[in-house]
Amino acid sequence: MSVNKIDKKRRLLLAACTAGGLGAMAIAVAQPKERVIKVTAKRFDFSPNVIPLKKGVPVTLALTSLDIPMGFNAPDFGVRADMLPGKVAKLRFIPDKTGEFTFYCDIFCGSGHESMSGSLVVT
Amino acid sequence: MGNDSNNDTNNYTSTETHNDIDRRKFLRLAGLGGVIFASGLSGWAAAADGGGVAAAEDFFFVQLSDSHWGFEGDVNPDAKGTLKKAVETVNSLEQLPDFIVFTGDLTHTTDDPRERRQRLAQFKQIVSALKVKTVHFMPGEHDAALDNGKAYQEFFGKTHYTFDHKGVHFIVLDNVSDPAARIGDEQLAWLAADLQQQPADARIVVFTHRPLFDLYPQWDWATRDGAKAVELLMPHANVTVFYGHIHQENHHMTGHIAHHSAKSLIFPLPAPGSQAKRTPLPWDAAHPYQGLGVRTVKPEPRPRNTEYTLTELAVGAAKS
């Protein structure tokens, strides 16, 4: 095998790698950026209580309570997590449908518990 | 869980007494877990006169639910009188039931432990006027979820237990003392051990507060590990569940197991998912106490081991 042939092969290989790299880059660009949204709870509110989301875009909710143990439950997406004081629970999911969906506190927390809810607004 | 969506979230109240129901209608209703419906005091009187309730070895019990003693609000301007009217309604039955069951939310929640005990004491005093002295209680989340049932147990004892009556095995399940609405592994193991003692064809009635199935989780109308209880009950052929919590009648099947919710004694709630928020239905001055009530439950005699006659009685209405 001559040196020229090796060089030619290397050039082809490099070209292929470059193309592959560009392809990977293109995929990375096409993937929507994952969002992290902080959500806090305190007796008897969520903040924010309206959370805008994009269909197909992964989201991570960073959940914590400012006072007593609460729960975050979004049954339309099959996800829930405890919200504990002093800890951050990360709840990741991908909204797979558009519309307005209820989330609510699923740990009975007191006299205002039953009105403690909010909306995920997926567009 | 094997939910039968055909029967989901529908109310099948009938103005007919069970004597009026022809065989075709009966068969259709039997598909809802063997329930025969009647409603109203006149319906009750007809049922009693018809001999069904009085037949030998027959019995019936009364279910009351969700009195929320201590609640104040426009949705029930007679919040301090409705429970007493319910007691009068039960006491005025021409025949008295063998026992009464109260499926939770005896009191309305309060963040003050002392006030909670006052409400439980007042509730207990009011229902002590019931002529029938065999009353089985269980908590709702309003009674028990903020202190894991501590105050409730001071007044009413255990939150889960069993009893037997005239060939029926009754199981009371607590799905509210855990504020996360779990029955919990310990109680589920207790349930499994109890069911193991029962033959597969035993006639079993379960009383609980929350629905054991996912009726409408968006409004917290579910039990987080309720499916585990239903799974344990599934091998038994003759199981029926009576519960409260949702302040309205609802009749639902999970496989062969029928689940029947009761009206409340404070305010009715909307049908599952029928409006954006789970806000109480407003008081209708033209029809006071509408949507509130108690029911009698009569197990049909063997071999109709999954059949029950439910008679819905209005509260606060003049007796016919």
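**Close-up views of a two-chain predicted model**

**View 1. B:His169 sits in strand β7 (residues 168-172) of chain B.** Strands here are DSSP runs of E with at least two residues, and helices are runs of H or I with at least four, numbered from the N terminus. This is a predicted model, in which local features need pLDDT of at least 70 and side-chain atom pairs count only at pLDDT 80 or more, while totals for chains, interfaces and linings use all residues. Residues are numbered from 1 along each chain as its sequence is written, and chains are lettered from A and ligands numbered from 1 in the order in which they are written. B:His169 counts as buried because it has 21 C-beta neighbours inside 10 Å (20 or more means buried, 12 or fewer exposed, in between partly exposed, with C-beta atoms placed from the backbone). Leaving out residues up to four places away in sequence, B:His169 touches B:Thr162, B:Asp164, B:Gln198, B:Ala202, B:Arg203 and B:Ile204; a contact here means C-beta atoms within 7 Å. B:Val239 is 70 residues from B:His169 along the chain, yet their C-alpha atoms are separated by 9.6 Å.

**View 2. B:Val206 belongs to the largest nonpolar core.** This core has 91 residues, and B:Ala86, B:Val90 and B:Ile100 join B:Val206 as those with the most contacts inside it. Such a core is a set of buried Ala, Val, Leu, Ile, Met, Phe, Trp, Tyr and Cys residues joined through C-beta atoms within 7 Å. Beyond its neighbours within four places in sequence, B:Val206 meets B:Ile171, B:Leu173, B:Leu233, B:Val239 and B:Val241.

**View 3. Helices α7 (residues 185-196) and α8 (residues 226-233) of chain B pack with their axes 10 Å apart.** The angle between them is about 10 degrees, which makes α7(B) roughly parallel to α8(B) (the term covers angles under 35 degrees). Axes are lines fitted to C-alpha atoms, for helices over the stretch in contact, and angles run from 0 to 180 degrees between N-to-C directions. From α7(B) come B:Leu188, B:Leu191, B:Ala192 and B:Leu195, and from α8(B) come B:Lys228, B:Ala229 and B:Leu232.

**View 4. In chain A, four strands form an open sheet in the order β2-β1-β4-β7, with mixed pairing.** Strands β2 (45-47) and β7 (89-93) of chain A are the edges, each pairing on one side only; pairing takes at least two DSSP bridges. Strands β1 (residues 35-42) and β4 (residues 59-65) of chain A run parallel and are joined by seven bridges. Here A:Arg35 stands opposite A:Val59 in β4(A).

How values were computed: Contact = placed C-beta atoms within 7 Å. Parallel < 35°, antiparallel > 145°, perpendicular 65-115°, else oblique.
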